[in-house]
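Keep the viewer open as you read.

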Amino acid sequence: MRRRLILPTLPLALAGLLLTGCAVTGVTTSGSATTSTTGSGTTTAVEAAVDSDLDPAAVLAANQEATVVADDDWSADDAVDITLTGSSATTSADGVDASGNTVTLTAAGVYRLSGDLTGSVVVAAPEDAQVVLILDGVDITNADGAAISVTTADDVVLSLAEGSRNSVSDASSYDNAAEANAAIYADADLTVTGTGSLAVTGNGNDGITSTDDLAITSGTITVDAADDALRGKDALVISGGTLDLAARGDALKSDDDEDATRGYVWISGGTVSATSGDDGIAAATDAVITGGTVTLRAEGAADAGAKGISAGVVVSIGDGTVDVTATDDGLHSNGSIGIVGGVTTVSSGDDGAHADAALEIAAGSLTIAESSEGLEATDITISGGEVAVTASDDGLNGSGDSATDSATEGGAGGGPGGGGMSDTGETITISGGTLTVDAGGDGIDSNGSVTVTGGDIVVWGPTMQGNGALDSNGGFEVTGGTLLAVGSSGMAESPDAASAQAWVAATISGAAGDEIEITDADGTVIASTAAAKQFETVVFSSSDVAGDGAYTVTVGGESVTATAGEAIAGGMGGGPGGAHPGGGGGRS
């Protein structure tokens, strides 16, 4: 990581697993914990330590603050009128030149524009000038270039007058050498505000572009762009407004890849709906969401790599509602992903959430409704929140995508004949929260190790042989929490024999809807739940399992007896370095 900041710990709320007779186990963290009892059981509220690099506040603090002109930094009472008259304009203002169909503003000030123009409005003010354009019912169409172009100024504001309807459109194509190549183009910091509406048609390239910071604080804005809808090179920040974006390229983009403190996208409010042919959000460094309602549809061809949210360094979600559909990864970072709040739902054609380095979930809700691999990263940490993963392949995949991994894996779904299965150092650590996995491949799969110290985990693993509900190369250790793993028998793995918390494993078949019941030697039910799919094995661990106890697992009237700590016949315990045929089935 390129930054390290320390923030206060965050409060988390952990929900209970739908297993009768089991209370939520306290989560091991660096903070304090308190418990409370409700009608549905016991819940534990904890303060969990979050990697501060992935917390939104820390990510933003490490970036250059974006320039946003507040509404109280200028007054509409100071505005002078410019009336657009079709092919020219009339005004009494100084510093305005209407030459042909180009209206040029050369001085700082507040200008109210109204009327229609077949041509362009150009801001060529001093480098230190603040220029405010109040759009009060304008329609600007330029067949030869940008409709509104800022060539020089310090800060420019587009304010959408109350009740006004405004529209701009540009040329159908641009020369490769053209600097101004968007319907609204600013070579300066640009803020869009107001309560009116603005329809932008970017016929030749982008909709709205700033080569510095682009900020949207309010307004109803519609963009239809041949390439990117909104682009702020240094930063794109959205704190309000209602945005409806259609882009053949990226919908929201910041692409400064030369300065580690720039090139970020931050959404803190408003309603954003975007359909794109490439990424929904494309950030050279960080993509941060701390509020608002964000709906992204990345609909490019499957081989085009259209991702919902893509970041070069960090994807961080702290609050808000995020709904992502993508033909490629839903959430993607070349660095890490941190989720510490909000409600996020993802449907993807590839990974639900993929990070090359760390993927950390500390709070909030994350639902991977559809994916190939659900969660994939070198290091996956779940310390809180509610996580539900549906995957056609692995649910959780601790995979570094390295040459070492490729040499030790058996392919995308794992399977016999995968070569040596050594521990390559990846980790999956679960210390809190609730996790539900429904996987067609391995349920929880690490090319390294898996450690469970807390939380409530249910894994509905594969029905096909060659995969397992649990699969690790470096060992599966359980010291706390509640774990139920149900799946096929051919690759069934049990936790390490040396795990501090006892577990029980049984071979027993059932179908979707069958009740799975586990009772101790006294007949007390310690776990009961309805099966989500067909299965052949059951693994269960909680504080209610005694290390030397005998247990009965019953499914649909059939019962088998199992002794705590004994692995399934034909299966394997998760001891370090164990030769698990086809194990560690991450992508090669």
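## Ground rules and overall picture

A residue counts as buried under 20% relative accessible area, as exposed over 50%, and as partly exposed in between. Please bear in mind that this is a predicted model.

The protein chain has 588 residues, and 56% of them count as buried. Its secondary structure comprises two helices and 49 strands. Among contacts between residues at least 6 apart in sequence, 55% join residues at least 24 apart. The chain exposes about 20100 Å², with carbon and sulfur atoms supplying 47% of that area.

Take a look at strand β14, residues 182-186. Five of its five residues are buried, so the strand is largely enclosed by the rest of the structure.

Strand β11 (residues 148-152) runs parallel to β14 and is joined to it by three bridges; here Val150 stands opposite Ala186. Strand β17 (residues 206-210) also runs parallel to β14, this time with four bridges. In that pairing, Ile184 has Ile208 of β17 as its bridge partner.

## Strand β34, a strand with two faces

Strand β34 spans residues 386-391. Val387, Val389 and Ala391 make up its covered face, while Glu386, Ala388 and Thr390 make up the uncovered one.

## Salt bridges

The whole structure holds 10 salt bridges. One of them links Arg262 to Asp234, with the closest N and O atoms 3.5 Å apart. Arg262 sits in the loop between β23 and β24 and Asp234 in the loop between β20 and β21, so this pair ties together parts that are 28 residues apart in sequence. Arg262 has 21% relative accessibility and therefore counts as partly exposed, whereas Asp234, at 11%, is buried. Arg262 also forms a salt bridge with Asp259, at 3.3 Å between the closest N and O atoms; Asp259 is partly exposed at 29%.

Lys533 and Asp438 form another salt bridge, their closest N and O atoms being 2.8 Å apart. Because Lys533 lies in the loop between β45 and β46 and Asp438 in strand β36, the pair ties together parts 95 residues apart in sequence. Lys533 is buried at 15% relative accessible area, and Asp438 is partly exposed at 27%. Elsewhere, salt bridges with shared partners join Asp228, Asp250 and Lys253 into one network.

Technical notes:
Residues numbered from 1 in each chain as written. Predicted model: local features only at pLDDT ≥ 70, side-chain atom pairs only at ≥ 80, totals over all residues. Heavy atoms only, no water. Buried < 20%, exposed > 50% of the residue type's maximum accessible area, 1.4 Å probe, protein only. Pairing = 2+ DSSP bridges. Contact = heavy atoms within 4.5 Å. Areas by Shrake-Rupley, 256 points an atom, 1.4 Å probe, with all protein chains shown as cover. Salt bridge = Lys/Arg side-chain N within 4 Å of Asp/Glu carboxyl O.
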